[in-house]
Amino acid sequence: MTVNMTKGQKISLQKSDGGTLTSVRMGLGWQAAPRRGLFGSRTREIDLDASAVLFADKQPVDVVFFRHLVSDDGSVRHTGDNLVGGAGQGGDDEAILVDLQRVPVHVDQIVFTVNSFTGQSFQEVQNAFCRLVDETNGQELARYTLTGGGAYTAQIMAKVQRGGDAGWSMTAIGTPANGRTFQDLMPAILPAL
């Protein structure tokens with residue numbers, strides 16, 4: 001059963017049967033918003049990029065994005081860059097796979113971001129979302145609709161964090177930011193840790 005998350009909401013990633021998730025996918029989907037022009041409406045291609053920044057004690061230790069598709073330890077993997085969005089007609093346009101059992105013990109948080117590499121604002125994006133899927137069975141666990149319409153070019157989407165005996169949890173962040181790359185977003189990420 002999918003949980004439709006709201007900004008700031010946190011959910012446990014424990015399975016309902018008491019087991020723990022072993023592998024998850026953070027999917028990102030979007031479409032270009034139609035723009036009215038002299039000859040009717042048209043859309044422009046939008047290049048959004050998903051990134052995952054791995055933190056240990058609030059310090060970045062690795063990142064996975066379109067130019068570094070696999071974390072140094074191999075536990076986090078980006079499936080590849082989508083330059084236009086909307087390819088899945090509501091499905092994932094980009095995805096980051098996380099093998100929770102392989103994430104090194106010193107990594108306590110993984111923050112997922114989305115940014116417009118070409119600098120287009122979210123005013124030009126519609127139907128944008130991130131979702132967490134149990135990769136072992138394809139079941140969608142949580143979905144967070146990315147609020148669009150803003151003059152910003154990025155968003156700190158969500159994070160998964162290690163909670164000791166409680167296991168992993170996910171928090172929807174939904175903080176707008178500006179930047180073309182994850183490096184530009186670091187000042188906006190740090191307060192969410």
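**View 1. Salt bridges across the whole structure.** A search of the whole structure finds three salt bridges, a salt bridge being a side-chain nitrogen of Lys or Arg within 4 Å of a carboxyl oxygen of Asp or Glu. The model is predicted, so local features need pLDDT of at least 70 and side-chain atom pairs count only at pLDDT 80 or more, while totals for chains, interfaces and linings use all residues. Residues are numbered from 1 along each chain as its sequence is written, and side-chain values use heavy atoms, with hydrogens and water left out.

**View 2. The salt bridge between Arg25 and Glu135.** The closest N and O atoms of Arg25 and Glu135 are 2.8 Å apart. Arg25 lies in strand β3 (residues 23–32) and Glu135 in the loop between β11 (125–134) and β12 (139–145), so the pair ties together parts that are 110 residues apart in sequence; strands are DSSP runs of E with at least two residues, numbered from the N terminus. Arg25, at 17% relative accessibility, counts as buried, whereas Glu135, at 32%, counts as partly exposed (buried means under 20% relative accessible area, exposed over 50%, and partly exposed in between, with a 1.4 Å probe and protein chains only).

**View 3. The network of Arg131, Glu140 and Arg143.** Glu140 forms a salt bridge with Arg131, with 2.8 Å between the closest N and O atoms, and the side chain of Glu140 also meets that of Arg143 in a salt bridge of 2.9 Å, N to O. Through shared partners, these salt bridges join Arg131, Glu140 and Arg143 into one network. Glu140 is buried at 15% relative accessibility, Arg131 is buried with a relative accessible area of 15%, and Arg143 is partly exposed at 21%.

Definitions and conventions: Helix = DSSP H or I, 4+ residues; strand = E, 2+ residues; numbered from the N terminus.
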